Amino acid sequence: DLLVTDLMMPQMNGDELVRRLRLEEPALKVLYLTGFSDRLFKEKSTLWQDEAFLEKPCSVKGLLQAVSLLYSGKIEAGPNS
């Protein structure tokens, strides 16, 4: 249901991985983790509705918030918020 991928990988970039996986699963939600957000937006002018990105390094709280935004459109308050 959710792909968490780095943008820069050895065999193919994360954007290409997403493109290939969406051929089989068009509703796939995607969270790009990247230290290269400038490269992400160089390849894509905007993110799709079910896509988000998070700068590396990220915290566990930031990761949970990004996933919450992808699934519900809002940040869910956790027990330690």
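This is a predicted model: local features need pLDDT of at least 70, side-chain atom pairs count only at pLDDT 80 or more; totals for chains, interfaces and linings use all residues.
1. Residues are numbered from 1 along each chain as its sequence is written, and side-chain values use heavy atoms, with hydrogens and water left out.

2. The protein has three helices and three strands, and from the N terminus on they run β-α-β-α-β-α. Helices (H or I, at least four residues) and strands (E, at least two) are DSSP runs, numbered from the N terminus.

3. A few totals for the protein come next. Of its 81 residues, 30% count as buried; that word means under 20% relative accessible area, while exposed means over 50% and partly exposed is in between (1.4 Å probe, protein chains only). The accessible surface comes to about 5700 Å², and 55% of that belongs to carbon and sulfur atoms. Those areas come from the Shrake-Rupley method with a 1.4 Å probe, and for residues only the protein chains shown count as cover. Among contacts (heavy atoms within 4.5 Å) between residues at least 6 apart in sequence, 42% join residues at least 24 apart.

4. Now look at strand β2, residues 29-34. Six of its six residues are buried, so the strand is largely enclosed by the rest of the structure. K29, L31 and L33 point one way from β2, and V30, Y32 and T34 point the other way.

5. What does β2 pair with? Strand β1 (residues 2-6) runs parallel to β2, and five bridges join the two. Five bridges also join β2 to β3, again in parallel. For pairing to be called, DSSP has to find at least two bridges between two strands. If you want landmarks, L2 stands opposite K29 in β2, and Y32 stands opposite F53 in β3.

6. Between the strands there is a crossover to trace. β1, α1 and β2 make a right-handed β-α-β unit. Right-handed here means that, with the strands pointing away from the viewer, the path from the first strand over the helix to the second runs clockwise.

7. Helix α1 covers residues 14-24, and its buried residues are G14, D15, V18 and R22. Seen down the axis of α1, these buried residues fall within an arc of 95°, so they line one face of the helix. (The arc is that of the directions from the helix axis to the C-beta atoms.) On the other side of α1, L23 and E24 are exposed.

8. The start of α1 deserves a look too. N13 sits in the loop between β1 and α1 and is partly exposed, with a relative accessible area of 29%. A side-chain oxygen of N13 reaches to within 3.1 Å of the backbone nitrogen of D15, and the side chain of N13 also reaches the backbone nitrogen of E16, at 2.7 Å.

9. Which residue does the side chain of R22 meet in a polar contact? The partner is E51, at 2.9 Å. A polar contact is a pair of N or O atoms within 3.5 Å; within protein, one must be able to donate a hydrogen and the other to accept it, and residues adjacent in sequence count only if both atoms are side-chain atoms. R22 belongs to helix α1 and E51 to strand β3. R22 is buried, with a relative accessible area of 10%, and E51 is buried as well, at 6%.

10. Finally, go to K56, in the loop between β3 (51-55) and α3 (60-72). K56 is partly exposed, with a relative accessible area of 38%. Leaving out residues up to four places away in sequence, K56 touches D6, L33, T34 and G35. K56 and D6 are 50 residues apart in sequence but 9.3 Å apart in space, C-alpha to C-alpha, and a polar contact of 2.7 Å joins their side chains.

11. P57, like K56, lies in the loop between β3 and α3.
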